[in-house]
Amino acid sequence: MKKLFAVIATLAGLFAATQAFAADIEVKDAWAKASLGKVPNGAAFFTIENHGMADRVIGVTSDLADKTELHTHLMENNVMKMREVQGGVEVPMHGDLMFKPGSYHVMLIGLHKPLVEGEKINVVLTFEKAGNVPVTVDVMGTMSKGPHGDAGMDHGNMKMDDPEHKGH
């Protein structure tokens with residue numbers, strides 16, 4: 001009986017530690033642009049605030065599209081290209097990380113239905129230490145620059161080298 005109690009106490013302690021760490025991660029200002037016409041792809045943006053130890057966002061899931069991936073942009077031969085992020089993205093200790101147009105973003109490839117302005121969509125970010133963190137994303141107008149109007153580079157006007165990424 002003592003062994004059973006010790007195992008239960010240990011598991012409870014691990015669960016509490018995981019929950020406490022997940023509480024250190026806060027996702028704010030999550031948004032996406034409404035779909036333009038029949039464009040099959042979309043992107044979501046947000047800020048991750050980390051109130052604890054360093055962590056890493058290592059994945060994303062959603063039932064909105066055939067594939068949901070962490071992406072970034074890079075410049076090659078004067079052409080802006082998007083690529084899936086391999087290995088995740090570091091979220092600094094007591095720091096923040098912005099997923100914004102022209103930088104890191106969540107790519108929704110093969111949308112099952114268009115993103116409609118005014119709707120809310122859901123994705124789940126997976127962190128190396130904090131685990132799964134559900135995120136509610138506000139769908140804004142096609143010309144939106146984010147919830148504060150200052151999202152930076154206009155994601156929709158870049159040359160894309162891969163047809164899979166056109167139109168978001």
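## His71 and its contact

A polar contact is a pair of N or O atoms within 3.5 Å; within protein, one must be able to donate a hydrogen and the other to accept it, and residues adjacent in sequence count only if both atoms are side-chain atoms. In this predicted model, the His71 side chain makes such a contact with the side chain of Glu69, at 2.7 Å.

His71 sits in strand S4, residues 65–76. Strands are DSSP runs of E, at least two residues, numbered from the N terminus. His71 counts as buried because its relative accessibility is 1%; buried means under 20% relative accessible area, with a 1.4 Å probe and protein chains only.

## Val106

Val106 belongs to strand S8, residues 105–111. Val106 is buried, at 0% relative accessible area. Beyond four places in sequence, its contacts (heavy atoms within 4.5 Å) include Glu69, Leu70, Phe99 and Leu125. The C-alpha atoms of Val106 and Glu84 are 9.3 Å apart.

## Strands S2 and S7

S2 (residues 41–50) and S7 run antiparallel, joined by four bridges. DSSP must find at least two bridges for strands to pair. Met98 in S7 is the bridge partner of Thr47.

## Confidence

Mean pLDDT, the predictor's confidence per residue from 0 to 100, is 80 for the chain, and 76% of the residues score at least 70. Residues 4–21 fall below 50, with five contacts beyond near neighbours in sequence.

Local features need pLDDT of at least 70, side-chain atom pairs 80 or more, while totals for chains, interfaces and linings use all residues. Residues are numbered from 1 along each chain as its sequence is written, and side-chain values use heavy atoms, without hydrogens or water.

Definitions and conventions. Buried means under 20% relative accessible area, exposed over 50%, partly exposed in between (1.4 Å probe, protein chains only).
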